[in-house]
Amino acid sequence: MDSYNGDMRFVHDTLPQRVAFGSGEAAASLRAEIRNLGATRVMLIAAKAEMHLADTIARDVPVALRHDDVVMHVPVEVAERAREAAAAHDIDALVSVGGGSTTGLAKAVAMTSGLPIVAVPTTYAGSEATPVWGLTEGAKKTTGVDPRVLPRVIVYDAALTLSLPVDMSVASGLNALAHCVDSLWAPSADPVNAAFAAEGIRSLASGLPRIVADPMDLDGREHALYAAYLSAAAFASAGSGLHHKICHVLGGKYNLPHAQTHATVLPYVLALNGPAAPDATRRIAAAFGGAGVDAASALDGLVALKRELNAPRALADYGFTEDSIPEAAAAILPSVPPSNPRPVTAEDLQALLRAAWSGEDPANAF
Ligand code: NAD
């Protein structure tokens with residue numbers, strides 16, 4: 001059964017957040033939003049590689065502290081150092097400029113301090129539009145939901161993503177696509193987030209090929225960034241479906257790169273769930289079709305798009321090994337959402353992981 005089956009009865013939470021979207025306007029928007037908040041001592045958080053970009057954007061903002069100690073998946077000791085730095089400098093607002101790792105660090109500070117975040121994303125990961133935090137201790141990643149970590153404002157400026165390398169743009173864009181697809185059968189799937197998801201898929205399928213053809217295509221970048229917001233808003237409302245549960249275990253336990261893992265695993269989850277989720281697959285195929293992708297089915301559309309983008313294909317390419325498959329499947333099994341459109345066994349998960357590991361045609365995986 002589809003999680004969302006067309007029955008128009010639902011409860012939908014809309015999250016309290018302002019979105020300012022405009023290419024070339026990040027500095028002006030940030031200045032206005034910091035003034036709105038009445039902040040006078042800003043902590044500017046950016047990875048070393050993005051700090052020069054952050055400095056430019058924050059040139060008219062009262063920065064009291066620049067913090068570049070950013071690490072993927074937010075190790076607890078990294079979070080603790082950032083929290084101590086914020087407290088020591090009497091910070092009253094957090095500005096993050098960067099990808100999901102940077103937003104994640106700002107969230108870790110907001111979680112314990114309650115400080116407001118203005119997020120300026122430079123990838124399509126979407127963390128800025130969710131109240132989900134993540135922290136890693138050793139090899140174990142823990143995530144949770146806390147309204148305090150939801151950025152108060154998002155400043156989207158597609159010009160900031162022009163420098164994102166094409167392969168990272170593709171992987172990150174497919175991470176956003178995964179938010180869309182998974183939200184159609186996630187535990188709190190509803191018609192509102194389904195509409196966001198469908199528009200997100202259409203906009204990604206239209207924007208990403210243009211970025212691959214020309215990384216400086218601002219219009220393509222705007223389509224992808226707009227979709228990143230829609231995808232994350234859908235995910236924030238619908239919750240984690242099977243795809244996110246699988247990638248969460250793979251990322252945390254085997255330290256696989258976040259966006260590339262999502263990009264690789266998605267077609268296999270679609271191949272598994274699709275036949276049991278006709279409404280979702282109709283929407284996905286229609287969204288691909290609306291972007292001009294040849295999509296006789298949802299899976300055909302996704303495979304065609306990935307081929308056009310030369311997207312990540314096999315988990316083996318990212319360090320996942322065949323002998324880890326039984327252990328990974330066993331770790332994923334307890335977290336399979338009861339609302340998944342079809343029951344999932346350890347054998348199903350092993351077949352899925354084996355296919356994703358080798359990169360075989362998802363149409364033949366089950
Ligand atoms: P990332 O933030 O680690 O960035 C990837 C790389 O791209 C980094 O080297 C970074 O320096 C570089 N980069 C970023 N922007 C750039 C730009 N404009 N130009 C050039 N290089 C740039 O990766 P990500 O995929 O954005 O985020 C992954 C992290 O976000 C993971 O930890 C994941 O768990 C988290 N995440 C959380 C949520 C949530 O809702 N909480 C959602 C999505 C992702």
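Colleague: How many bridges join strand E6 (residues 132-137) to strand E7 (residues 140-145)?

Modeller: This is a predicted model, in which local features need pLDDT of at least 70, side-chain atom pairs count only at pLDDT 80 or more, and totals for chains, interfaces and linings use all residues. Residues are numbered from 1 along each chain as its sequence is written, and side-chain values use heavy atoms, with hydrogens and water left out. Helices (H or I, at least four residues) and strands (E, at least two) are DSSP runs numbered from the N terminus. E6 and E7 run antiparallel, and the number of bridges joining them is 6.

Colleague: Which residue takes a positive phi in the hairpin of E6 and E7?

Modeller: Within this pair, Gly 134 has Thr 143 of E7 as its bridge partner. The hairpin has 2 residues between the strands, and the positive phi, near 60°, belongs to Gly 138.

Colleague: What is the bridge partner of Ala 119 in E8?

Modeller: Strand E5 (residues 117-121) pairs with strand E8 (residues 153-156) in the parallel sense, over 2 bridges. Ala 119 is bridged within E8 to Ile 154.

Colleague: At roughly what angle do the axes of helix H3 (residues 76-88) and helix H4 (residues 100-113) cross?

Modeller: Val 78, Ala 79, Ala 82, Arg 83 and Ala 86 of H3 meet Leu 105, Ala 108, Val 109, Met 111 and Thr 112 of H4. The two axes come within 9 Å, and they cross at roughly 60°.

Colleague: Is His 262 buried or exposed?

Modeller: His 262 is found in helix H9 (residues 258-273). Leaving aside residues up to four places away in sequence, His 262 touches Asn 175, Ala 178, His 243, His 244 and Cys 247, where contact means heavy atoms within 4.5 Å. With a 1.4 Å probe and protein chains only, the relative accessible area is under 20% for buried, over 50% for exposed and in between for partly exposed. Because its relative accessibility is 3%, His 262 counts as buried.

How values were computed
Pairing = 2+ DSSP bridges. Axes fitted to C-alpha atoms, helices over the stretch in contact; angles between N-to-C directions.
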